[in-house]
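Try each task before you read its solution, and keep the viewer open beside you.

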Amino acid sequence: MDPLLAFGFWAFVLTFAGVYAIFVLGLQLEVGDTGLINFGHVAFMAIGAYTMGLLVTNDVSIWIAIPIALAASAAGGLLLGIPTLRLRADYFAITTIAAGEILRIAIVNEQDTTGGTQGLRSASGPWRDANNDILDFFSGIGIELDRRVPLLVLVWVTAVLVGLVLVYLGRTPWRRVLRAVREDEDAAAAAGKPVFRYKLQALALGSSIAGLAGVFYTLFSTTLFPTNFEPIFTFVGFAILILGGVGSYFGVVVGSVVIAVIVSGTRFLDFPLDADKVAALRFVVIGLLIMAIMAFRPQGLFGKKEELHLDA
Amino acid sequence: MDELLNTTINGLSSGGIYALGAIGLSLVYGILKLVNFAHGDFMTLGGYVAFAINVSAGMPLAVAFLGAIAAVAALGLVLEFAIWAPMRRRGAGIMQLMLLSIGLAFVIRNMILFEWGGEDRGLDVDQFQSWNLFGDVTISAIQVTVIATAGVVLLLVATMLRVTLIGKSMRALSDSFDLAEVSGVNTRRVVIYTWLLAGSLAGLAGVLAAIYTTLTPNTGWFLLLPIFAAVVLGGIGSAYGALLGGITLGLVQEWSTMFIRPTYKEAIGFLVLILVLIVRPQGIFGQARTV
């Protein structure tokens, strides 16, 4: 099989990119709009994924499980934000990564509930059947689809919808206040804006978007492992964010496709090296990309320099 | 009582490694305003340089220690000239430098993975020699090596920071860069010595970690968060604080295993980190002031 031509392979890569796009849209709201450097974003994705997985494996309907998963992620954001949002930006960053690790260690340890390192199986519940129904429907009207197509379409439709909601929010007074908070917290507070409450709202909304990414991740991978939610996932998210540009929603889409192609799309290239070595080189490339952007174009491809606030 | 002594021995071993890593991380944070996420990977590199000398080339462990220390110190210096100094001249913000260090961490970690592969490595040490001190209290040869090496080096570093001019200058710069500079401290020189100190201690910590646990490309990264916790515990920028914070954290983690499941001990470190940041951000050993 020539993977370059294999549609299924690219559907896989692009679905992965779509999950990342949703994930980073939430991150963009926090980092780009509000100035919250959240290194623990993946924890809220884990909350969404495991909440949904645990509910559907206990025979709760997926239509009830998904909203609960999003609410649980938002609640996690509030829980983390209330004590930590008053911290300085660099302290906040370190605190969030530590909180995410506590959650992950708890998932590993509570294996009677979460499956631990053995994984939480069938976490996507009835999705496989629903997927087959969709494929049958299309073959009934004479269209044969690859079995990966429905999720690919669904994840990108969702990503675009989330992006449109965020763009709409961008025209409201709400995000103008967020950006004011990012630009100058003291000035926003002096203008009578409840800064803390706005930050908390942004963190809760960003976290529930991460939870949504978690829901799609669960549909995508079916079995959940704690290793899927290591801090590196957030850091790759940051690579997407800063490549696309801090503050740019369009940049998130471009960034997630580029990074997903580097991470998994280069598998078809026939390197004269072991698979492990190629995997290592991919992350060397991502690391160099992060360094180069931060050194030479910190606003990223589509960001605006005057909107960039990377000072603590 | 025996359990308390055994966990104390374990805690001093891991705490010694944390302390060695934390001093450099804290000084670099305090002096250069760099939250160096690549510091853990500096340690990993130290471990692998020692592996190359001690196992691949079959030379004595002492040579491996020196080689690792020299290699990582040199790396710290090279990166200062290649990346950090130019970035500071451009007026890069603290977040920009932090994200850059994350990219650097990816590069170092994955170049190690590229060169040495992902499997567990160890150094040529006697894994099984241990002594029964009394009752059920035992100490392994590895623990003696780690505690003795870390103890001696930490004492030397603490003395250096207190007595020598360069040590005093480092602490002064960490306290207030501008004040130290107008007082006539040669900041360029102090920055160079800071990287040499941070790099060599990270290299040493990496070798000790490779002896005490196993060596993988992730060894240093997994140590980095507890080391951050140690830095915060001691008050960011304070070298003594980092030293005490590292040992305290090691002891607290190990003592906690007397009450909760041992697999949760890492989480204890992170919990300490969060609680200290919320309740006492100047650190347990720091003094209250505006930061």
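## Exercise 1: Contacts and overall form of chain A

Among contacts in chain A between residues at least 6 apart in sequence, 79% join residues at least 24 apart. Keep in mind that this is a predicted model.

**Task.** Describe how chain A is built and find out how its radius of gyration compares with that of a compact globule.

**Solution.** 
- Step 1: Count the elements. Chain A has 13 helices and zero strands.
- Step 2: Look at the extent. The C-alpha trace of chain A spans about 60 × 45 × 40 Å along its principal axes.
- Step 3: Compare with the rule. A compact globule of 312 residues would have a radius of gyration near 20 Å, and the value for chain A, 20 Å, agrees.
- Step 4: Check burial. Of the 312 residues in chain A, 50% are buried.

## Exercise 2: A helix and its cover

**Task.** How many residues does helix 12 of chain A have, and what covers its buried residues?

**Solution.** 
- Step 1: Helix 12 of chain A runs over residues 249-263 and has 15 residues.
- Step 2: From first C-alpha to last, helix 12 of chain A reaches 21 Å, close to the 21 Å expected at 1.5 Å a residue.
- Step 3: Its buried residues include Tyr249(A), Val252(A), Val253(A), Ser256(A) and Ile259(A).
- Step 4: The cover over the buried residues of helix 12 includes helix 1, helix 7, helix 11 and helix 13 of chain A.

## Exercise 3: Inside the nonpolar core

**Task.** Which residues touch the most other members of the largest nonpolar core?

**Solution.** 
- Step 1: This core has 200 residues, and Ile22(A) and Leu25(A) touch the most other members.
- Step 2: Follow one of them. Leaving aside neighbours within four places in sequence, Ile22(A) is in contact with residues including Thr158(A), Val162(A), Leu212(A) and Phe216(A).
- Step 3: In soluble globular proteins, nonpolar side chains tend to be buried together.

## Exercise 4: Chain B and its hairpin

**Task.** Where do the strands of chain B lie, and in which sense do they pair?

**Solution.** 
- Step 1: Chain B holds 11 helices and two strands. Its radius of gyration is 19 Å, close to the 19 Å that the globule rule gives for 291 residues, so chain B is as compact as a globular protein of that length.
- Step 2: Strand 1 covers residues 130-134 of chain B and strand 2 covers residues 137-140; they pair in the antiparallel sense over four bridges.
- Step 3: Phe134(B) stands opposite Val137(B).
- Step 4: The two strands form a hairpin with two residues between them, and Gly135(B) in the turn has a positive phi of about 55 degrees.

## Exercise 5: One histidine

**Task.** Is His39(B) buried or exposed?

**Solution.** 
- Step 1: Locate the residue. His39(B) is found in helix 2 of chain B.
- Step 2: Apply the cut-off. A residue is buried if 20 or more other C-beta atoms lie within 10 Å of its own.
- Step 3: His39(B) has 32 other C-beta atoms within 10 Å, so His39(B) is buried.
- Step 4: Beyond residues up to four places away in sequence, His39(B) touches Gly21(B), Gly24(B), Leu25(B), Ala202(B) and Leu224(B).

## Exercise 6: Where the chains meet

**Task.** How many residues does each chain give to the contact?

**Solution.** 
- Step 1: Chain A gives 37 residues and chain B gives 34 residues.
- Step 2: The side of chain A that touches chain B divides into 28 nonpolar, four polar and five charged residues.

Methods
Residues numbered from 1 in each chain as written. Chains lettered and ligands numbered in written order. Predicted model: local features only at pLDDT ≥ 70, side-chain atom pairs only at ≥ 80, totals over all residues. Contact = placed C-beta atoms within 7 Å. Nonpolar A, V, L, I, M, F, W, Y, C, P; charged D, E, K, R; others polar. Expected span 1.5 Å × (residues − 1). Buried ≥ 20, exposed ≤ 12 C-beta atoms within 10 Å, placed from the backbone. Pairing = 2+ DSSP bridges. Core = buried A, V, L, I, M, F, W, Y, C linked by C-beta atoms within 7 Å. Rg over C-alpha atoms; globule rule 2.2 N^0.38 Å.
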